[in-house]
Amino acid sequence: MQSRRDLMIREFVGRRLVRARGEHTRHPALLLLGPRGSGKTTLAGRLEAWGRRAPTAALDLSALDDGVHHPVDVLARIAFQLNARRPDFPPLALPSFAVLLMALSAEADPESRDAALGQMREALRTGRAEDHSLAVLRDLVTSVGVPMGLPGWSAAVVPLIQGWQRARVWWGVHRRAGRVPRGGSRPQVPADALVELNQHFRHGTAAQRERAESVLLQAFLADLQGAYTRHSGDRTRTLRCLVLLDNADSELGDAFLQALVEARAAAGPEHQDPLVIVASARRAPEVLRQLEQGPRPLGSYLSCWQPPEQEDGPESFVPRTVARPGGGARLEVAQLRPLDRAEVQEQAGPYVKRMPQAALAGITHPVAWLGRTVHELTRGHPAATSAVLAALEDFAPDVPCGHRLRRVLAPEGPHSVADELLELLLQDLPRELAEGALPHAAAAVTLGQAASAADLWRQADAPPRLLRGLAHDDRHAERITFDGQPHSALPAMVRTLLLGRLSLATAPADARVPWVRTHEILRDAAESGRAGAYHRLAAGDVQGAAAYLHERFLDVCGGGGSAQAWCAELSFIQRAPRRWEADTLERTPGAEFQHRLARAQSPPDQLMVTRLLVAGWITTHPASDPCASLWSDPLGDPVAELYPKIADALQTLSGRLGDETDHDVLWQRAAAYERKPW
């Protein structure tokens with residue numbers, strides 16, 4: 001099932017792929033950025049299957065065989081895939097490119113230059129097109145040496161040279177190859193130019209090699225343009241060429257993408273090649289970093305997803321153009337957004353249909369419930385969403401769905417997918433950071449808070465430095481907003497899994513468990529009473545957190561604060577994580593509420609604040625919650641059984657307020673908990 005996100009990208013590519021007669025427009029390459037598991041490879045596969053009516057080439061640039069070492073090898077594979085036979089679509093002719101590719105690929109030793117020159121001159125001599133038979137050209141390649149790249153590709157190159165074009169090929173080759181810098185005079189015959197190009201490519205300096213590659217790329221682009229403009233090409237070619245490049249940030253992919261972008265820029269605006277290029281990468285390739293010319297804000301390319309102009313209107317996909325100042329090279333860049341709640345709900349639908357009725361007992365609107373709950377857990381991370389939904393089916397029929405979700409995301413157990421997901425999500429990070437610092441950093445609200453807690457790292461310099469670097473990495477951090485300010489935080493799914501790992505960590509006999517010690521350090525380093533209460537609650541000190549909230553509520557009663565600000569503080573503190581314990585898997589939300597409340601031992605005057613705090617700590621919250629962007633755990637009370645307790649506590653507390661506005665604020669908050677959040 002394709003998400004609306006992927007369909008929007010496909011529609012964007014489709015508009016570029018279709019061309020009208022007489023239309024010759026060059027579109028910038030589209031670069032899609034996204035972390036592991038964001039769906040880049042899946043999207044590329046679907047685009048490939050969808051675009052097969054057009055000339056299509058699809059390559060995973062990190063998984064090419066051992067014979068691929070240079071951008072030239074990548075280009076050869078693209079050319080061969082584009083030229084595959086398709087019904088109702090005339091094959092492409094790439095004559096200049098084919099000849100140049102043969103010249104570059106031939107093993108011509110510098111000491112045997114005269115012999116190689118003679119062979120090429122004899123085979124390609126101007127005015128003897130009748131001798132340019134397939135056999136002669138094939139013999140040329142095999143006699144000069146074994147080509148690099150795809151085994152046996154030389155036989156596939158020769159048919160690209162169509163008979164009616166042979167006579168003009170040599171002049172085009174001569175013109176492009178003659179631009180190659182050389183020590184002597186300009187080459188006078190095509191064969192000499194080809195040998196010169198071969199020497200620069202195989203034995204020249206890095207600059208000469210890059211220039212030779214650029215000549216080949218420009219020949220390829222010029223041939224493509226010619227196929228769409230000459231003779232009947234403009235009439236018959238109603239679809240442009242689709243090129244899909246996955247993992248464009250690999251070493252080879254990075255080099256090829258940069259060479260391709262530069263070659264298109266060097267060709268000038270008058271050369272409008274028909275390529276529609278879609279590349280994907282986990283990190284920004286070198287060509288993008290050069291075009292950006294400086295740092296960029298975290299998540300800046302998510303601006304390509306523009307909200308609808310009207311409430312019920314469609315979302316729009318508008319990639320950002322990144323261009324070199326003064327013109328020339330340019331890219332269009334977009335970051336794949338997570339799936340939204342509606343998209344996760346669509347994926348949840350088939351699983352609900354297959355789930356036994358006993359597993360869904362007591363759940364109203366099960367598709368909406370499961371979609372909302374899974375989205376709250378994964379925040380729309382595609383790989384995590386798929387893994388969680390798939391794991392729900394591996395249970396006995398009578399196991400409730402809420403219990404299934406708890407076991408699937410538990411840090412250990414036969415049904416847990418925690419280790420598998422963490423391995424995927426943290427694969428690009430240094431092992432010492434993923435296994436050492438990150439579980440402790442997950443206890444903090446933001447990465448900045450974690451890096452600033454000096455006692456957490458025992459005066460070590462590496463973790464704070466790495467965490468501050470992580471805060472600006474689109475692959476491992478995201479933007480959250482509270483108090484009107486943006487902050488960098490670990491993605492919700494990563495934080496959930498890391499908190500589970502911190503829960504399992506043990507301590508020596510004479511020390512506190514790492515979970516409690518970490519939150520106590522963060523409490524002592526907190527810059528506000530609200531943050532301190534957050535970590536008190538996470539460490540299990542319900543009474544201390546409730547005492548802070550009760551004191552702040554008394555300020556509101558005395559006119560020293562507002563109910564709205566107090567509700568925001570309450571919401572923030574209720575987002576504190578709970579340490580995972582195996583016993584909690586079997587307790588109902590009501591039993592867990594009573595268990596936590598009994599351990600709090602709150603004084604009678606702050607009991608109602610304590611009840612409100614504990615119920616909100618365990619349950620999920622409506623979308624209108626003031627701290628909705630912060631991390632949350634909806635599995636403590638998956639079907640919102642505790643909502644009546646929250647509404648009752650808010651209404652009771654509102655009776656203690658003399659100000660009408662403050663009274664109304666608490667009543668409106670209570671009303672938000674009168675309906676289920678799905």
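This is a predicted model: local features need pLDDT of at least 70, side-chain atom pairs count only at pLDDT 80 or more; totals for chains, interfaces and linings use all residues.
I'll start with the rings. A pair of aromatic rings is described by how far apart the centres are and by the angle of the planes. The structure holds six aromatic pairs. One of them is F12 with F317, an edge-to-face pair with 5.3 Å from centre to centre and 90 degrees between the planes. F12 belongs to helix α1, residues 4-17, and F317 to strand β6, residues 316-317, so this pair links distant parts of the chain, 305 residues apart. F12 counts as buried because its relative accessibility is 9%. F317 is buried too, with a relative accessible area of 8%.

Next, Y534 and F572. Their ring centres are 5.4 Å apart and the planes stand at 50 degrees, so this pair is tilted. Y534 is in helix α24, residues 529-538, while F572 is in helix α26, residues 563-574, so the pair ties together parts 38 residues apart in sequence. Both Y534 and F572 are buried. F572 also has the charged end of R530 over its ring, 4.0 Å from the centre.

Back to F12 and F317: ring pairs join them with W305 in a cluster. Over the face of W305 lies R337, at 5.0 Å from the ring centre.

Last, the helices. How do α19 and α22 pack? Helix α19, residues 431-441, meets helix α22, residues 492-504, at about 95 degrees, with the axes 8 Å apart. The two are therefore roughly perpendicular. From α19 the contact uses A434, L438, P439 and H440, and from α22 it uses L498, R501 and L502. By class, that is five nonpolar residues, one polar and one charged.

How values were computed: Residues are numbered from 1 along each chain as its sequence is written. Side-chain values use heavy atoms; hydrogens and water are left out. Axes are lines fitted to C-alpha atoms, for helices over the stretch in contact, and angles run from 0 to 180 degrees between N-to-C directions. Helices (H or I, at least four residues) and strands (E, at least two) are DSSP runs, numbered from the N terminus. Angles under 35 degrees count as roughly parallel, over 145 as roughly antiparallel, 65 to 115 as roughly perpendicular and the rest as oblique. Contact means heavy atoms within 4.5 Å. Ala, Val, Leu, Ile, Met, Phe, Trp, Tyr, Cys and Pro count as nonpolar, Asp, Glu, Lys and Arg as charged, and the others, Gly among them, as polar. Rings of Phe, Tyr and Trp (its six-membered ring) pair if their centres lie within 6.5 Å; planes under 30 degrees apart count as stacked, over 60 as edge-to-face and the rest as tilted. Buried means under 20% relative accessible area, exposed over 50%, partly exposed in between (1.4 Å probe, protein chains only). A charge sits over a ring if NZ of Lys or CZ of Arg is within 6 Å of the ring centre and within 35 degrees of the ring normal.
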